[in-house]
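Here's a quick briefing on one model. Have the viewer open while you read.

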Amino acid sequence: MYKLWCALISVVCLFSTKVHLLENGLARTPPMGWLAWERFRCNTDCKNDPENCISENLFRTMTDILVAEGYRDVGYEYINVDDCWLERERDLNGRLVPDRKRFPSGMKELSNYVHSKNLKFGIYQDFGNYTCAGYPGILGYLQVDADTFASWDVDYVKLDGCYAHPTEMDRGYPEFGYYLNITGRPMVYSCSWPVYQIYAGMSPNFSSIIQHCNLWRNFDDIQDSWESVQSIIDYYGNNQDIITPNAGPGHWNDPDMLIIGNFGLSYEQSKAQMAIWAILAAPLLMSVDLRTIRPEYKAILQNRKIIAVDQDPLGIQGRRIYKHKGIEIWSRPIVPLYQNYFSYAIVFLNRRTDGTPSDVAVTLKELGLVSPTGYRVEDLYEDVDYGVLTPQTKIKVKVNPSGVVILRADVQTDYPKKIFYPSSTTLRTTYRPLNQVFRVRENGFSFP
Ligand SMILES: *[C@@H]1O[C@H](CO)[C@@H](O)[C@H](O)[C@H]1NC(C)=O
Ligand SMILES: *[C@@H]1O[C@H](CO)[C@@H](O)[C@H](O)[C@H]1NC(C)=O
Ligand SMILES: *[C@@H]1O[C@H](CO)[C@@H](O)[C@H](O)[C@H]1NC(C)=O
C-alpha cells in the first residue's frame, strides 16, 4: 500500500522511506566491462572512419572480442555505450532515438546481440538539458527515458552531469533512480553526482549518494597519460578519509576507466593502474581498442589474481598507508579472515623517476599484518610465492620507476576448514588504517 501510494506521489517518498543503501541486488562487486569513451570519444564520422566511429558496429565488434579473447571468462561483462549515440532530437512521443545512420538496427537489437553473448548492455544519458556532447539530456523526460531503457533491456545506466545545476542533483539523481526502480528491470546506476558538486564547490551528501547509486564519480575524467592516472591516485589518497568509507557491496567509488593498452601509459605504468584500481575496489571498465591491444597489456587486464583482489567479496576499499619521497604503500583488507585478522593486498608504488628500481624493505607487522598465525605471501604479477611469513619477517621488494609490486598476504589459520567470515560492517571497525608507520632512511628506501 505504501509503495503504491509512493508511486503515485513519486519522488517525495524517496525522502520518507528508510532505505540506507541502494538495494537493487546489483554490483555486489565492482562492475567490470568495456566502455567506449576514453578511447573512442565522440567520433561520429562513420563515413571516413567506419572502424572507429561510435556505431553499433563498434559495440558488436567489442562484444565479440570480449568473448573470443577471454575477457568475459575473467569477469568483464558489461558493454557500455557512452555519449554520442543519439539523434539530435527526440521523437514525437518524446522518446530518445539512436542515431539512425550509426545505429540502424536500434538499441534493442544491439542489446539483444550483447545478451546473446552472455554479456550485459550499458547506456549513457545526462542529468541536464543536454549530454556533455550536446545531445538531448534527460530533464523533463526522467520517467520516459527510464522506461525506454527498460524496454531496450538495458542493464546499466551512466547518468552524466553536464548542462545541469549541481544544486538540483540531490533531488534529481534519486528521482531518476526511483524511475529506474519502478520499471522493475534491475539496472546498475552510475552517477556523476558528486564530481559535479565538487566542481561547484559543494560538499556532496555521500550518505544520500550511497543510498541511490551503485557507483559514482568523484574526480576528473581520466585522460591518456600517466599524469592523469597519478592525479587520480593522489586525489583518492589525499581524500581517502572521506571517500573510502562510502564503498561496499552494491555501491562503489569510480576513479574512471582503465586506459591500459592505449597510447599514454608505459608497461610499468599500466601495471600500476591495474594494481591501484584493485586496491581502490574500482569498477574495471576498459576503454581500449581490443582489436589492436598488445599481448602484454591484455595480460595485465586479464590478470586473474589482481582481478580477484578488485572483486574481493568484503568490498572494503583500500587506502594509502605510507607516502614518502616518491614511495607509496597502499593496502586493502580482503578475505580470507581468521578471527579478527584480515588478509591483505599490498601495493608498493614507486613515483620516482630517477631511473633505477627502489628497494623497499618492511616487516609485515609494520604493514599492520599482525596475526600470530602468519601470512602466506605471493607476488601477483611475478608469480613468486614467498611462503608463510610471520609478522616479524622483513620483506624486501624492488619497485621499478613509475611501477608497482603487488603482493597478496593470506592470513593463515589453524583450522583451515572453518574460516570465519564475519560481516564486513562488524569488521570494518577493527581495521585501523595506519598513518606514517615507517621511518625512511635517507640513503635508500628501507624501513627500520
Ligand atoms: C533547462 O532548460 C529549461 C527550459 O529551457 C530551463 O528552464 C532550465 O534552466 C535549464 N536547466 C539548465 C540546468 O540549464
Ligand atoms: C526497487 O527498490 C526496492 C527497494 O529498495 C528493491 O527491493 C528492488 O529490488 C528494486 N527493484 C529494482 C528493479 O531495482
Ligand atoms: C543527506 O542525505 C540524507 C539521506 O537522504 C538526509 O537524511 C540528510 O538530511 C542529508 N544531509 C544534508 C546535509 O543535506
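What follows covers a ligand shell, a helix pair and one glutamate.

This is a predicted model, where local features need pLDDT of at least 70, side-chain atom pairs count only at pLDDT 80 or more, and totals for chains, interfaces and linings use all residues. Residues are numbered from 1 along each chain as its sequence is written, while chains are lettered from A and ligands numbered from 1 in the order in which they are written.

**Ligand 1**
- Gly-128, Asn-129, Leu-139, Tyr-163, Ala-164 and His-165 surround ligand 1 (near means a C-beta atom, placed from the backbone, within 6 Å).
- That shell splits into three nonpolar, three polar and no charged residues (Ala, Val, Leu, Ile, Met, Phe, Trp, Tyr, Cys and Pro count as nonpolar, Asp, Glu, Lys and Arg as charged, and the others, Gly among them, as polar).

**Helices α5 and α6**
- Helix α5 (residues 142-151) packs on helix α6 (residues 169-183) at about 40°, with the axes 9 Å apart (helices are DSSP runs of H or I, at least four residues, numbered from the N terminus; axes are lines fitted to C-alpha atoms over the stretch in contact, and angles run from 0 to 180 degrees between N-to-C directions).
- So α5 is oblique to α6 (under 35 degrees is roughly parallel, over 145 roughly antiparallel, 65 to 115 roughly perpendicular, and the rest oblique).

**Glu-296**
- Glu-296 sits in helix α12 (residues 295-301).
- Glu-296 counts as exposed because it has 12 other C-beta atoms within 10 Å (exposed is 12 or fewer, buried 20 or more, partly exposed in between, with C-beta atoms placed from the backbone).
- Tyr-267 is 29 residues from Glu-296 in sequence and 7.8 Å away in space, C-alpha to C-alpha.

Terms used:
Helix = DSSP H or I, 4+ residues; strand = E, 2+ residues; numbered from the N terminus.
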